[in-house]
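Here is a short briefing for a first look. Please have the sequence and the 3D view at hand.

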Amino acid sequence: MRSLYDLSLKDLQDYALSQGFKPFVAKQLFSWLYHRYATSTTGMHNLSKAFRACLDRDFCVQTLSVGAKECSTDKSEKYLFITPDRHSFESVFMVMKPTQLDKDGQILAQEKLTFCLSSQIGCKVGCVFCATARGGFVRDLKAGEIVEQVVTLKREHNLEPTKGINLVFMGMGEPLHNFNEVVKAIGILSDPHGLNISTRRITISTSGVVPVIDALGALDLGVQLAISLHAVNDALRSKLMPINKTYNLEALIQAIKRFPIDTRKRVMFEYLVIKDCNDGLEHAKALLKLLNGLKAKVNLIPYNPNPSLKFERPDLDKVAQFADFLNQKGLLCTLRISKGLDISAACGQLREKKQGLAISAV
Ligand code: SAH
Ligand code: SF4
């Protein structure tokens, strides 16, 4: 049955009209879904019984169940979602910065929360370092399943509807291979009558699907673009990321140049640092040259190990030298020490749990 999270406010208004109700009931319903995180139509007391009966006949509210929840020592939490067709995928709740208090206990700065979302179950791209790729591709997530990840994480953490959060499409899947559903989900998530998440707080990370970067750019949604670069020459990038054989570095850089970027923002380049593979100073120099002239920032991600893969985590001193070199040359570079490493919730460690699905409630 169709999920209510799959419908935009306009879709709900059209539905209400088609059933003989006034369109304003759609806004009331939207508020139940996104301000009160309702899990069923029971209790939606300002909606008529007749309208609720129609909703119950045609839709369900919750489609996903939380099969398991793991908490990291760094306060990140990994959620395993189970779909009605009995697949699973993961999302991660991350506390990027804790609330800062002064000596009297007054709040100086609010905590910074980021939800890492999945866009597909599995992935077709097949990057050799990524655990998601190892599980193969199962299916695209529907817009409603993307929206429901956000609502569930907000509900589970009792977050005020107005609490600002950042969303990053850095979980399972290649978001630009599920473009229509991702764009639809962003429309629902950013609706001012619902969760009202600014598109400036949404980052889409891509392995570099050039034509779809152009399609995303044409929509000019205001979302942040992050590019998984990981290598500075085509030979190495094609070995690590097969997509580079279709869209090489030159094509990718040209697409980024065409992409509309907020004047206050930069394109983020994620650079996975793998020991003795791409961690040398010569790679840093080539990276500087490649990104010359772009409004860019580089985020170095030390490779997160997967038991089944042959790569090794780099020496962190070497990564720091890599970062220092770029910063000294004026290319903004940060180091991402992934959250949730101890619970395999870090970048590239998410995959479908085929065995031992914990279906019971957490
Ligand atoms: N498919 C998209 C988004 C999901 S992957 C993409 O590739 O951009 C999110 C990030 O995790 C990407 O930058 C990806 O390259 C990185 N990643 C994948 N495997 C990793 C690993 N083992 N260690 C660290 N980062 C990894
Ligand atoms: Fe897919 Fe991204 Fe993993 Fe590559 S890194 S296989 S694109 S999820």
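The points below cover the sheet, one serine and the surroundings of a ligand.

This is a predicted model: local features need pLDDT of at least 70, side-chain atom pairs count only at pLDDT 80 or more, and totals for chains, interfaces and linings use all residues. Residues are numbered from 1 along each chain as its sequence is written, ligands are numbered from 1 in the order in which they are written, and side-chain values use heavy atoms, without hydrogens and water.

**The sheet**
- An open sheet of 10 strands runs in the order β3-β4-β5-β8-β11-β12-β13-β14-β15-β16, with mixed pairing.
- Its edge strands, β3 (65-71) and β16 (333-335), each pair on one side only.
- Strands are DSSP runs of E with at least two residues, and helices are runs of H or I with at least four; two strands pair if DSSP finds at least two bridges between them.
- β11 (166-169) and β12 (202-206) pair in the parallel sense over 3 bridges.
- F169 has I204 in β12 as its bridge partner.

**Residue S118**
- S118 sits in the loop between β8 (112-116) and β9 (120-122).
- S118 counts as buried because its relative accessibility is 0%, where buried means under 20% relative accessible area with a 1.4 Å probe, protein chains only.
- The S118 side chain reaches the backbone oxygen of E90 at 2.5 Å.
- The S118 side chain also reaches the backbone nitrogen of M172 at 2.9 Å.

**Ligand 2**
- Residues around ligand 2 include C123, C127, F129, C130 and E174, each with a heavy atom within 4 Å.
- By class, this shell has 6 nonpolar, 3 polar and 1 charged residues.

Conventions:
Nonpolar A, V, L, I, M, F, W, Y, C, P; charged D, E, K, R; others polar. Buried < 20%, exposed > 50% of the residue type's maximum accessible area, 1.4 Å probe, protein only. Polar contact = N/O pair within 3.5 Å; in protein donor to acceptor, adjacent residues only side chain to side chain.
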